[in-house]
Amino acid sequence: MASFVHSKTKKEAAADLGSLASEKISDHRELEQVFGQFDVDGDGKISPAELRLVMMRTIGEELNLEEAEAVVRSADKDGDGLLDLEEFVGLAGVEEEERELRKAFGMYEMEGEGCITASSLKRMLSRLGESRELEECQAMIRRFDLDGDGVLSFDEFKVMMMPS
C-alpha cells in the first residue's frame with residue numbers, strides 16, 4: 001500500500017477517485033448515494049480525511065494527507081477545503097470525460113508510440129469511411145500540433161476535441 005502513496009501522482013489519485021465515483025453511475029441519485037458514502041460524518045461535505053478513509057475502505061489503497069488535500073483542492077470551487085455534492089459531481093464528470101478521450105485517442109494512436117501520426121490518422125479515418133490523403137492528414141495534425149513535433153500528443157488531442 002505504501003507503493004500507492006509514492007507511485008501515484010496527485011492527478012492519478014484524482015483519477016482513481018473519479019473512476020471510483022463514476023463507476024456504473026447512471027443517474028444523479030446514484031451519484032448522491034456514492035457522495036453519501038464518502039461523506040462519513042453526514043455534514044454534506046467531503047473532507048480530505050473522509051476521502052482518505054473511504055479510499056482505504058473501498059479500494060484498499062492509502063492516500064497521504066497531502067494527496068487527499070490535492071484531490072479536494074482540484075475540484076473545490078468555493079475554496080472551503082471541502083467537496084460539496086456539486087463539486088463531487090464535477091470531479092466525477094471530468095474524470096469520466098478524460099477516460100472517454102483516452103479511449104478515443106487510443107483508437108487513432110494505433111502505432112504504440114503514444115501519439116497520433118499522420119499515417120495512423122489516415123488509417124483510422126479510412127476505417128471510418130473518410131478517405132484522406134496523407135498530406136491532408138499532415139495538415140490536420142499541424143493545425144493542433146502545439147509543440148511542432150509533427151504528431152499529436154494526448155494533450156494536443158484534447159485541445160482538438162474541445163468544442164469550438
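Helices here are DSSP runs of H or I, at least four residues long, numbered from the N terminus. By that numbering, G36 sits in helix α3. The model is a predicted one. Keep G36 in mind; the tour comes back to it.

**Stop 1: the whole chain**

Show the chain as a cartoon. It has nine helices and zero strands. Along the sequence the pattern reads α-α-α-α-α-α-α-α-α. The chain holds 164 residues, and 36% of them are buried. Consider contacts between residues at least 6 apart in sequence: 46% of them join residues at least 24 apart.

**Stop 2: the cores**

Select F38, I46, L51, L63, L83, F88 and L91. These residues have the most contacts inside the largest nonpolar core, which has 17 residues. Which helices each supply at least two residues of this core? Colour α3 (28-38), α4 (48-59), α5 (65-75) and α6 to see them. Next, select M124, L125, C137 and L152. They are among the 14 residues of a second, separate core. In soluble globular proteins, nonpolar side chains tend to be buried together.

**Stop 3: F35 and F88**

Turn to the aromatic rings. The chain has five aromatic pairs. Start with F35 and F88. Their ring centres are 5.5 Å apart and their planes meet at 65 degrees. An angle over 60 degrees counts as edge-to-face, so this pair is edge-to-face. F35 belongs to helix α3 and F88 to helix α6, so the pair ties together parts 53 residues apart in sequence. Are these two residues buried or exposed? F35 has 8% relative accessibility and counts as buried. F88 is buried as well, at 1%.

**Stop 4: F105 and F154**

Select F105 and F154 next. This aromatic pair is edge-to-face, with 5.6 Å from centre to centre and 85 degrees between the planes. F105 is in helix α6 and F154 in helix α9, 49 residues apart, so the pair links distant parts of the chain. F105 counts as buried, at 8% relative accessibility. F154 is buried too, at 8%.

Ring pairs link F105, Y108, F154 and F157 into a cluster. Then show R102. Its charged end sits over the ring of F154, 3.9 Å from the ring centre.

**Stop 5: down the axis of α9**

Which residues of α9 are buried? They are F154, E156 and F157. Look down the helix axis. The buried residues fall within an arc of 155 degrees, so they line one face of α9. What covers them? The cover includes α6 (85-109) and α8 (134-144).

**Stop 6: back to G36**

Return to helix α3 and select G36. G36 has 42% relative accessibility, so it counts as partly exposed.

Technical notes. Residues are numbered from 1 along each chain as its sequence is written. This is a predicted model: local features need pLDDT of at least 70, side-chain atom pairs count only at pLDDT 80 or more; totals for chains, interfaces and linings use all residues. Side-chain values use heavy atoms; hydrogens and water are left out. Buried means under 20% relative accessible area, exposed over 50%, partly exposed in between (1.4 Å probe, protein chains only). The arc is that of the directions from the helix axis to the C-beta atoms. Contact means heavy atoms within 4.5 Å. A nonpolar core is a set of buried Ala, Val, Leu, Ile, Met, Phe, Trp, Tyr and Cys residues joined through side-chain atoms within 4.5 Å. Rings of Phe, Tyr and Trp (its six-membered ring) pair if their centres lie within 6.5 Å; planes under 30 degrees apart count as stacked, over 60 as edge-to-face and the rest as tilted. A charge sits over a ring if NZ of Lys or CZ of Arg is within 6 Å of the ring centre and within 35 degrees of the ring normal.
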